[in-house]
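User: I have a structure open and would like to go through it with you. Can we take it piece by piece?

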Amino acid sequence: MNRFKKSLMLLLAVGVTLSISACSDNGNTEFESAQSFEFYFYPEEYEEEYSEVSKTLSLDGDTEYQLKIEAECQDGTMEISVVYGDESDKCYAVNADAPCSEIITIPQNSADEVKVVTSIEPDTKGAVICDLLYQTK
């Protein structure tokens, strides 16, 4: 019986500790999806005029954003360029051996918009999925 009480007290102490730590705010901020888009590329649907596609997303100046990029190629190559603000330009090369999984932080008041440009080759088979997240703190 004594061992049962000790086990019960230990379990209760662990439960209280976990509930207190779960309720505390450690300054963590959460992000929610504001906008997203997806592009899928297939060699049999390739047309020269669509070898470069772009998407421009508007930003609110007083909000911190994150741009989450997931891209992969089964065949061929693609290049993804992300432009925002005056000097912010990031480029990613994607092929079958090197997928892209990036999160780019866009600070408050750094840009009015972010532009994502994807360029592909005729034999490219792959996808680009982008999600613009905003801070909800």
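User: Which residues make the nonpolar surface patch of about 270 Å²?
Analyst: Y40, Y42 and I129 make that patch. Keep in mind that this is a predicted model.

User: Where is Y42 found?
Analyst: Y42 sits in the loop between β1 and β2, and β2 covers residues 52-58.

User: Does Y42 count as buried, exposed or something in between, and why?
Analyst: Y42 counts as partly exposed, because its relative accessibility is 34%, and partly exposed covers the range between under 20% for buried and over 50% for exposed.

User: OK, back up a bit. How many helices and strands are in the protein chain?
Analyst: The protein chain has one helix and eight strands. Read from the N terminus, the order is α-β-β-β-β-β-β-β-β.

User: And what share of the residues count as buried?
Analyst: The chain has 137 residues, and 28% of them count as buried.

User: Give me a buried one. Where does V82 lie?
Analyst: V82 is in strand β4, which spans residues 77-84. V82 is buried because its relative accessible area is 0%, and buried means under 20%.

User: How far apart are V82 and V117?
Analyst: Along the sequence, V82 and V117 are 35 residues apart, while in space their C-alpha atoms are 6.5 Å apart.

User: New topic, pockets. What volume does the largest pocket have?
Analyst: The largest pocket has a volume of about 170 Å³.

User: Which residues line the largest pocket?
Analyst: The lining is made of F39, Y40, F41, Y42, E45, Y46, E47, Y50, S51, V53 and I120. Y40 and Y42 are in this list, and they are also part of the nonpolar surface patch.

User: Which strand gives the most to that lining?
Analyst: Strand β1, residues 31-41, gives the most, with three residues.

User: How do the lining residues divide into nonpolar, polar and charged?
Analyst: Eight are nonpolar, one is polar and two are charged.

User: Now the loops. Where does N109 lie?
Analyst: N109 is in the loop between β6 (100-106) and β7 (113-120).

User: What is the phi of N109?
Analyst: The phi of N109 is near 55 degrees, a positive value in a residue other than glycine.

User: Why point that out?
Analyst: Because most residues other than glycine have a negative phi.

User: Is N109 buried or exposed, and why?
Analyst: N109 is exposed, because its relative accessible area is 55% and the cut-off for exposed is over 50%. N109 and T63 are 46 residues apart in sequence, with 7.4 Å between their C-alpha atoms.

User: What about D60, where is its place?
Analyst: D60 is in the loop between β2 and β3, with β3 at residues 65-75. At 45% relative accessibility, D60 counts as partly exposed. D60 and E113 are 53 residues apart along the chain, and their C-alpha atoms are separated by 8.3 Å.

User: Last one, A98. Which loop is A98 in?
Analyst: A98 lies in the loop between β5 (88-95) and β6. A98 is partly exposed, with a relative accessible area of 30%.

User: And how far is A98 from E72?
Analyst: The C-alpha atoms of A98 and E72 are 7.6 Å apart in space, and the two residues are 26 apart in sequence.

Methods: Residues numbered from 1 in each chain as written. Predicted model: local features only at pLDDT ≥ 70, side-chain atom pairs only at ≥ 80, totals over all residues. Heavy atoms only, no water. Helix = DSSP H or I, 4+ residues; strand = E, 2+ residues; numbered from the N terminus. Buried < 20%, exposed > 50% of the residue type's maximum accessible area, 1.4 Å probe, protein only. 1 Å grid on protein atoms, 1.4 Å probe; cavity = no way out; pocket = protein on both sides within 12 Å on 5 of 7 lines; lining within 4 Å. Points joined across faces, edges and corners; volume = space filled by probe spheres on them. Nonpolar A, V, L, I, M, F, W, Y, C, P; charged D, E, K, R; others polar. Patch = residues over 30% accessible without salt bridge, like charges linked within 9 Å, V, L, I, M, F, W, Y side chains within 5 Å. Areas by Shrake-Rupley, 256 points an atom, 1.4 Å probe, with all protein chains shown as cover. Salt bridge = Lys/Arg side-chain N within 4 Å of Asp/Glu carboxyl O.
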